[in-house]
Amino acid sequence: MHILGDEVVTIKEIREKANMTVEDLAWFFKIPRETIIAWEVGEKDCPKCTTELMELKLKQFGFFSDDGKRTIYQALNKAIDEFGSSIETPPTKEQNNNCD
């Protein structure tokens, strides 16, 4: 069963419900940005287990808040409070484009 409902959901629906950009989702799950885009536009099929695990993890970190306005940084701050670890903010789009 999906957290977002009984119907099959897409990566894009999960990402939008979590109020994340493609870059945020790629950074959070350590998945190449191009892979997420390919899943979203239908160039590649995303495994069902991947979407289910993404939903579960995003729910665990509080991304699916009732108001739908939680940002990645708010959710990660919640995780830091709970787990006591520090994290770095994701690189900017410009920094990602400058990688070799």
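The model is predicted: local features need pLDDT of at least 70, side-chain atom pairs count only at pLDDT 80 or more, and totals for chains, interfaces and linings use all residues. Residues are numbered from 1 along each chain as its sequence is written, and side-chain values use heavy atoms, without hydrogens and water.

The buried residues of H4 (under 20% relative accessible area) are Thr51, Met54, Glu55 and Leu58. They lie on the same side of H4, because their arc around the axis, taken from the directions to the C-beta atoms, is only 100°. Their cover includes H1, H2 and H3.

The helices named here are DSSP runs (H or I, at least four residues), numbered from the N terminus.

| Helix | Residues |
|---|---|
| H1 | 11-17 |
| H2 | 22-29 |
| H3 | 33-41 |
| H4 | 48-60 |

H4 has 13 residues and spans 18 Å from first to last C-alpha, close to the expected 18 Å, which is 1.5 Å times one less than the number of residues. Just after H4, Gly62 has a positive phi of about 85°.

The axes of H2 and H4, lines fitted to C-alpha atoms over the stretch in contact, come within 12 Å and cross at roughly 90°. The two helices are therefore roughly perpendicular (65 to 115 degrees) to each other. In this contact (heavy atoms within 4.5 Å), Leu25, Phe28 and Phe29 of H2 meet Met54, Lys57 and Leu58 of H4.

Terms used:
Axes are lines fitted to C-alpha atoms, for helices over the stretch in contact, and angles run from 0 to 180 degrees between N-to-C directions. Angles under 35 degrees count as roughly parallel, over 145 as roughly antiparallel, 65 to 115 as roughly perpendicular and the rest as oblique. Buried means under 20% relative accessible area, exposed over 50%, partly exposed in between (1.4 Å probe, protein chains only).
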